[in-house]
Every structure is written in structure tokens, then in C-alpha cells.
Amino acid sequence: MPMYSFGENDVFRVKAFAPDSWFQITFKKLVGISPCIFWGRGLFSAKSWGLMPLARPITTVGKCPCPGKKASMNYVGNQGPSPDLCPPVPAVGRPIPVPQCPQPTEEQVDHYHTLYMKVLEQLLEEHKERCGLPASTHLTFI
């Protein structure tokens with residue numbers, strides 16, 4: 001199901017280290033991986049430090065099965081139903097038909113992976129401004 005969620009990057013705060021910081025270099029030498037330090041809110045208070053996610057809106061968009069409407073699910077701070085949006089449903093994307101193949105070739109996997117990435121990019125481009133991202137934002141696959 002192709003779908004894209006806006007706001008997931010905002011539910012935790014992250015400490016970003018400079019690539020050449022002494023802490024990052026030392027930690028990587030000792031443990032073998034770069035450190036990832038993140039935090040959210042406390043369990044019982046939104047104002048305390050903890051590992052619970054911050055209360056931030058997450059809007060998930062996808063291809064809608066309803067003709068002429070767009071699918072949308074807003075998990076935090078729902079603004080109420082909109083006549084141009086589908087009602088929230090558990091699966092907001094229209095499935096990409098993929099044939100069942102017990103031994104797929106590398107080319108088949110690459111084909112469907114590329115198709116999925118194109119749909120994700122289309123979803124971002126279609127909904128980014130409505131979801132608070134600037135028009136200059138583009139999806140980059142690494």
C-alpha cells in the first residue's frame with residue numbers, strides 16, 4: 001500500500017553530532033556504530049523528558065479507493081471530516097499489484113521497488129504544501 005506520513009520526523013527530538021566530533025568518533029570505535037540519541041516526553045507529563053513520542057500531528061496520505069476523493073488520516077489534532085477527503089480507513093493506499101513469485105529475479109524486485117518509490121514521490125509532491133512542507137521540499141532516496 002503506497003502511503004506517505006507527514007510529521008513522523010517531529011515526534012522525537014534528536015541530537016545531531018558533527019561527523020568529526022570526538023564523541024561520535026570514540027563511540028563508533030568502542031561500539032562499532034554511530035550514536036543515535038533521541039528523546040521525547042515523559043510518560044505522565046508532556047513537559048518532562050522521556051522516551052514517549054511528542055504529541056505532534058501525523059498525517060498519512062495515499063491513493064484513495066473512493067473516486068474523486070483523496071485519502072487522508074490525521075492521527076493527532078484531527079480537524080474533523082472534510083467533504084473532499086475519504087473517511088479515515090486503516091489502509092489508505094491503493095495496492096500495487098505484485099504477482100506472487102517464490103523466486104523473484106533481481107530485475108523483478110528492482111521493477112516493483114522503483115514503482116513503489118515513484119508512487120511515494122508522487123504522494124509527497126501532491127500533498128506536501130497542504131501538510132506544512134515548503135514547495136521546495138523533495139523526496140530523496142539514499
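The structure is a predicted model. Its protein chain contains two helices and six strands, and from the N terminus on these elements follow the order β-β-α-β-β-β-β-α. The protein chain has 142 residues, of which buried residues make up 23%. Among the contacts in the protein chain with a separation of 6 or more, 47% are accounted for by residues 24 or more positions apart.

**Helix H2 and what covers it**

- Helix H2 spans residues 106-127, which gives 22 residues, and the distance from its first C-alpha to its last is 32 Å, close to the 32 Å expected at 1.5 Å a residue.
- The buried residues of H2 include Val119, Leu120, Leu123, Leu124 and His127. They cover an arc of only 140 degrees around the axis, and therefore they lie on the same side of H2.
- On the other side of H2, by contrast, Glu106 and Glu107 are exposed.
- Strand S1, at residues 3-6, and strand S5 are included in what covers the buried residues of H2.

**Strands S1 and S5**

- In S1, Tyr4 and Phe6 form a covered face, whereas Met3 and Ser5 form an uncovered one.
- Tyr4, from the covered face of S1, has Val61 in S5 as its bridge partner.
- Thr60 has its place in strand S5, which comprises residues 59-62, and a relative accessible area of 3% makes Thr60 buried, because buried means under 20%.
- The side chain of Thr60 also makes a polar contact, at 2.8 Å, with the side chain of Ser5, a residue on the uncovered face of S1.

**The open sheet S2-S3-S4**

- Three further strands form an open sheet in the order S2-S3-S4, with antiparallel pairing. Its edge strands are S2, at residues 13-15, and S4, at residues 49-50, each of which pairs on one side only.
- S2 and strand S3, the latter at residues 37-41, run antiparallel and are joined by three bridges. Along this pairing, Lys15 stands opposite Ile37 in S3, and Val14 has Phe38 in S3 as its bridge partner.
- S3 and S4 likewise run antiparallel, and two bridges join them; here the bridge partner of Arg41 is Trp49 in S4.

- Val14 is found in strand S2, and with a relative accessible area of 54% Val14 is exposed, because exposed means over 50%.
- Leaving aside residues up to four places away in sequence, Val14 touches Ile37, Phe38 and Trp39, and Phe38 is also its bridge partner in S3.
- Val14 and Cys36 are 22 residues apart in sequence, while their C-alpha atoms are 7.6 Å apart in space.

**Ile25 in helix H1**

- Ile25 lies in helix H1, which covers residues 22-31, and at 37% relative accessibility Ile25 counts as partly exposed.
- When residues up to four places away in sequence are not counted, Ile25 touches Pro19 and Asp20.
- Ile25 and Pro35 are 10 residues apart along the chain, and their C-alpha atoms are separated by 9.4 Å.

**The salt bridge**

- Side chains of opposite charge can pair when their charged atoms come close. In this model the count comes to one salt bridge.
- That salt bridge is formed by Lys128 and Glu125, whose closest N and O atoms are 2.8 Å apart.

Definitions and conventions: Residues are numbered from 1 along each chain as its sequence is written. This is a predicted model: local features need pLDDT of at least 70, side-chain atom pairs count only at pLDDT 80 or more; totals for chains, interfaces and linings use all residues. Side-chain values use heavy atoms; hydrogens and water are left out. Helices (H or I, at least four residues) and strands (E, at least two) are DSSP runs, numbered from the N terminus. Buried means under 20% relative accessible area, exposed over 50%, partly exposed in between (1.4 Å probe, protein chains only). A polar contact is a pair of N or O atoms within 3.5 Å; within protein, one must be able to donate a hydrogen and the other to accept it, and residues adjacent in sequence count only if both atoms are side-chain atoms. The expected span of a helix is 1.5 Å times one less than its number of residues. The arc is that of the directions from the helix axis to the C-beta atoms. Contact means heavy atoms within 4.5 Å. Two strands pair if DSSP finds at least two bridges between them. A salt bridge is a side-chain nitrogen of Lys or Arg within 4 Å of a carboxyl oxygen of Asp or Glu.
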